[in-house]
Amino acid sequence: MRLIKADKRLAERIQKKLNFSNYQMLCLSWAIGLVMGLAIAILFLWISMGKDNTFKWFVITYLAIPIFLIITVYGYLILK
């Protein structure tokens, strides 16, 4: 709970400094989650290069997409 409170305070400071509305902060957290998810997906695909296609689809389906969703939901919970 401490980490969530600290993240929420940080998000409120960012919101005040940039003069963002709640919706803009939600979009910002979604964009950050998207970028992080894509970076993780690219990293996993780079690691799996040279392997068969089955492994690549496994990485995308069972690792990259859930991590992207977790990061996005976490960002939403911070701003809630």
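Met36 sits in helix H2, where helices are DSSP runs of H or I with at least four residues, strands are runs of E with at least two, and both are numbered from the N terminus. With a relative accessible area of 40%, Met36 is partly exposed; that label covers what falls between buried (under 20% relative accessible area) and exposed (over 50%), using a 1.4 Å probe and protein chains only. Follow the chain 36 residues along from Met36 and you get to Thr72, yet the C-alpha atoms of the two are separated by 9.2 Å.

Before going on, keep in mind that this is a predicted model, in which local features need pLDDT of at least 70 and side-chain atom pairs count only at pLDDT 80 or more, while totals for chains, interfaces and linings use all residues. Residues are numbered from 1 along each chain as its sequence is written, and side-chain values use heavy atoms, leaving out hydrogens and water.

Now step back to the whole chain. It has three helices and zero strands, so reading along the sequence gives the pattern α-α-α, with helices as DSSP runs. Of its 80 residues, 20% count as buried. As for contacts (heavy atoms within 4.5 Å), take those with a separation of 6 or more: residues 24 or more positions apart account for 55% of them. The chain exposes about 6400 Å², and carbon and sulfur atoms supply 72% of that; accessible areas come from the Shrake-Rupley method with a 1.4 Å probe, and for residues only the protein chains shown count as cover.

Back to H2, which covers residues 22-47. Its 26 residues should span 38 Å at 1.5 Å a residue, and its end C-alpha atoms are 37 Å apart, which agrees; the expected span is 1.5 Å times one less than the number of residues. Met25, Ser29, Gly33, Gly37 and Ala41 are buried in this helix. Take Ser29: its relative accessibility is 12%, so it counts as buried. The Ser29 side chain reaches the backbone oxygen of Leu26 at 2.8 Å.

H1 and H2 are the elements that give two or more residues to the patch.

H1 takes in residues 2-18, and Gln15 is one of them. Gln15 counts as buried because its relative accessibility is 19%. Leaving aside residues up to four places away in sequence, Gln15 touches Phe20, Ser21, Asn22 and Met25.

Between H1 and H2 there's a loop, and Asn19 lies in it. Asn19 counts as exposed because its relative accessibility is 68%. Asn19 also has a positive phi of about 55°, although it is not a glycine. Most residues other than glycine have a negative phi.

That leaves H3, residues 53-79, where you'll find Ala64. Ala64 has 4% relative accessibility, so it counts as buried. Its C-alpha atom is separated by 8.6 Å from that of Ile42, 22 residues apart along the chain.

Note on methods. Polar contact = N/O pair within 3.5 Å; in protein donor to acceptor, adjacent residues only side chain to side chain.
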